[in-house]
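Dear colleague,

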Amino acid sequence: MKNSPRMLILLVITLLFLSGCQEPIPVENGNQYGILNGTVVDDMSGLRFWSGDVEIAGKQIRIEGGSFQVKNIPAGTYTLKVSKEFYRDKELEVVITSNNNMIHVKMTPSFSNADLDFLARMVHAEARGEPYRGQVAVAASILNRVRHHNYPNTLVGVLTQRTNGYAQYSPIDDGSINIPASQTAKYAVRDALVGWDPSLGATGFFNPAKVTNRSNWVWQQIPIIDIGNHRFFRAVID
């Protein structure tokens, strides 16, 4: 019984500490407000999004590190809208209570499975043997072209684009595009889709050891970063 007062004091201190760690739920004019915490992932790979947008109750929040938090939402029922480039927009009904509310959102790519396989085969043809980061960078640089106004606005259009009769990507002409993609290349495509871009916004790449003619147009572009055997660049016209 001698330890009872001491244990009681420790219990009170612990409860006070834990209550201090909880973010208070605001009350304004008698109305209760809640907080919505969410995670957003690719529905097939389970990878978290690096970026994207959510909208609820007139509030717009960016997705960062695969998660988001929206504060000060009046308790009630709302439509949550989630969007990210290259994914289908998603709308979900969400009930906000005067607590910390949680939601897990799965998103589906807007590309067909055939398109994604095409991209994976291109990554495999162009970057097999390269470090994984370099394979993701190749996929990301291709997606950067899809979003850029100087290139076709479809994935297939970018992958099959020709200039002066030559394919922008040599595997189209040499037939290596027909080689089945490795599982690593497929993973690289998924990582690029959710927003990982090791190319830092590049719209092209080449292997300096293979393109030795310095008068070749690729040498005239703006270099961004070297990964493995590839130099990633932004085209001067971009």
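A residue is called buried here when its relative accessible area is under 20%, and because histidine 230 has a relative accessibility of 6%, it counts as buried. Please keep in mind that this is a predicted model. Histidine 230 belongs to strand 13, which covers residues 230–234, and, leaving aside neighbours within four places in sequence, it is in contact with Glu126, Ala127, Glu130, Val138, Phe205, Phe206, Asn207 and Ile225.

The largest pocket holds about 970 Å³ of space. Its lining is made up of 32 residues, and those nearest its centre are Gln168, Ser170, Phe205, Trp217 and Val218. Strand 13 is among the elements that give two or more residues to this lining, as are helix 2 (113–127) and helix 5 (171–174), while strand 11 gives the most, with three residues. By class, the lining of the largest pocket comprises 15 nonpolar, 11 polar and six charged residues.

For the second largest pocket, the volume is about 230 Å³, and the lining residues include Met44, Asp117, Lys186 and Arg190. Helix 6 supplies the largest share of that lining, five residues, and the classes there are five nonpolar, three polar and three charged.

Not counting residues up to four places away in sequence, leucine 80 touches several residues, including Leu36, Phe68, Lys90 and Ile103.

With best regards

Conventions: Residues are numbered from 1 along each chain as its sequence is written. This is a predicted model: local features need pLDDT of at least 70, side-chain atom pairs count only at pLDDT 80 or more; totals for chains, interfaces and linings use all residues. Side-chain values use heavy atoms; hydrogens and water are left out. Contact means heavy atoms within 4.5 Å. Helices (H or I, at least four residues) and strands (E, at least two) are DSSP runs, numbered from the N terminus. Buried means under 20% relative accessible area, exposed over 50%, partly exposed in between (1.4 Å probe, protein chains only). On a 1 Å grid over the protein atoms alone, a cavity is a set of points where a 1.4 Å probe fits but cannot get out, and a pocket is an open set with protein on both sides within 12 Å along at least five of seven lines; lining residues have an atom within 4 Å of a point. Grid points are joined across faces, edges and corners, and a volume is the space filled by probe spheres set on the points. Ala, Val, Leu, Ile, Met, Phe, Trp, Tyr, Cys and Pro count as nonpolar, Asp, Glu, Lys and Arg as charged, and the others, Gly among them, as polar.
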